[in-house]
Amino acid sequence: AGIVVPAPSSYGRVADSRRLLLQSILTGVALVVGGIDAHAAITTAGDNVIDSGGLTAIGVRAYGSLEVTAPDVFAAQRLYVGDTAGGVGDVLIDNATIEVEDARIGNLGSGVLRVRSGGQFLATNAQDGHSIGARGVGYLDIDGTGSIADFTLPSAPWNSSRVYVGGGSSGAVARGEVRITGGGEWRTEETLLGQGGSASVLIDGQGSRWLVHGNVSAGAADLIVSGGARVLSTGSGQPSPSLDVGSGGLASTLIVEGAGTSVSGFEWMNLGREGTGVAYVSKGADVTTALTTLGGFPFQQTLEQQPTGVLSLDGLGTTWTTRGLLLGGMDGRAELHLSGGAAMNLIGDFNDLLIAEGERSEAIVTIDGSTTRLASGDSRLVVGSSGRGELRLSGGARSSHREIQLGSAFSLGGGGFVEGNGVGTAL
């Protein structure tokens, strides 16, 4: 099958590894690379389908690497990269395909999976979910037009496949990183970021995108979308696909920046639903969602940690479009800041702006600058119906609504405050 193993002088004791690799490929038994600093390269020029059988482990107790290059297909039931403690695994897919049922990148050790030059990584099924940094450190790097890492099950029910990035198993380290650049593409269903560990996801550059056919829950995680990249929920018509930033009592950050950069298609965008969620949108980027909440829900059960949501929009051409905007759920704290010509667009039938809606909540909205807008002439503005709400406009900013309500006759804890400063400022 074209197995190439470097000379012993370069990689130590590889003679036994070579024999094991050749036997594995030819007989279909498990393939193991590592433990003795072994390297294997599958470099044949034909359209070969190579099936390693059950478990393919790269990086077992020491360094191990695997390269699959054009135009082979390498198949395995389970692929563990950085399998055991002390193991370091490195897998390169270059204009080739790897198909697996169960993928663990950084299982107990450190694992790297790189997809290049139109290569494809297809993870079809896993009973307990796929993981990038389960109990170790995992890194998924997708670069180049046509390069794809696909963790979806097209024929299965919606949200039936799960991917953990940074966590998912009990462990002390658990760090996962995903990087999509140069027109690469990541496809997932239900995705949990930083649940039991920490995670970061970067999608950067024109043509780079993350297609999500399920819910995304970000705990101890950073998500950056920049340079014209896109995050798109493809769960249209399914049960309320959501992006939760700050879940599980943890803190998470979302950054969306640059003209042409967008996040869209989610039914719900929740900042600080059960933790602390902070989002910065700037430099002409666009976010579109059906409903937006900051700082929890009005009627959710009281949480041990105060849910906190902060959203900042800045820069001409920067937009956030939603049918409804709720700030401050029960016991929650929320902040919305618009500046530099950014726009918050409230559209549709249910397009109310609710500031400090939940009991014992605190919420503030600031709008600054002559080109900055909170745009909706048909929405209802409610400030402090059950909590303490503030709306502050300055520098010629404008906010338009069909109805304005301050405080509530039905809640002793409610209170609303509105302030306007500067020439041209209008409510």
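Q: What percentage of the 427 residues in the protein chain is made up of buried residues?
A: This is a predicted model, in which local features need pLDDT of at least 70 and side-chain atom pairs count only at pLDDT 80 or more, while totals for chains, interfaces and linings use all residues. Residues are numbered from 1 along each chain as its sequence is written, and side-chain values use heavy atoms, with hydrogens and water left out. A residue is called buried under 20% relative accessible area, exposed over 50% and partly exposed in between, with a 1.4 Å probe and protein chains only. By this rule, the buried share of the 427 residues in the protein chain is 55%.

Q: How many helices and how many strands does the secondary structure of the protein chain come to?
A: Helices (H or I, at least four residues) and strands (E, at least two) are DSSP runs, numbered from the N terminus. Counted in this way, the protein chain has two helices and 41 strands.

Q: Among contacts in the protein chain between residues at least 6 apart in sequence, what percentage joins residues at least 24 apart?
A: A contact means heavy atoms within 4.5 Å. Among the contacts between residues at least 6 apart in sequence, the share that joins residues at least 24 apart is 75%.

Q: Which residues touch the most other members of the largest nonpolar core?
A: A nonpolar core is a set of buried Ala, Val, Leu, Ile, Met, Phe, Trp, Tyr and Cys residues joined through side-chain atoms within 4.5 Å. In soluble globular proteins, nonpolar side chains tend to be buried together. The largest such core here has 77 residues, and those that touch the most other members are Phe 121, Trp 186, Trp 210, Leu 311 and Met 344.

Q: Are the rings of Trp 186 and Trp 210 stacked or edge-to-face?
A: Rings of Phe, Tyr and Trp (its six-membered ring) pair if their centres lie within 6.5 Å, and planes under 30 degrees apart count as stacked, over 60 as edge-to-face and the rest as tilted. The count by this rule comes to two aromatic pairs. For Trp 186 and Trp 210, the ring centres are 4.6 Å apart and the planes lie at 25°, so the pair is stacked.

Q: Which strands does the pair of Trp 186 and Trp 210 tie together?
A: Trp 186 counts as buried at 0% relative accessibility, and Trp 210 counts as buried at 1%. The two residues tie together parts that are 24 residues apart in sequence, because Trp 186 lies in strand E17 and Trp 210 in strand E20.

Q: With which residue does Arg 114 form a salt bridge?
A: A salt bridge is a side-chain nitrogen of Lys or Arg within 4 Å of a carboxyl oxygen of Asp or Glu, and the structure holds 17 of them. Arg 114, which is partly exposed at 25% relative accessibility, has a partner that lies in strand E8, whereas Arg 114 itself lies in strand E10. The closest N and O atoms are 3.1 Å apart, and the partner is Asp 90.

Q: How far apart are the closest N and O atoms of Arg 360 and Asp 331?
A: Arg 360 is partly exposed, with a relative accessible area of 48%, whereas Asp 331 is buried, with 17%. Both residues lie in loops, and the pair ties together parts that are 29 residues apart in sequence. In their salt bridge, the closest N and O atoms are apart by 2.6 Å.
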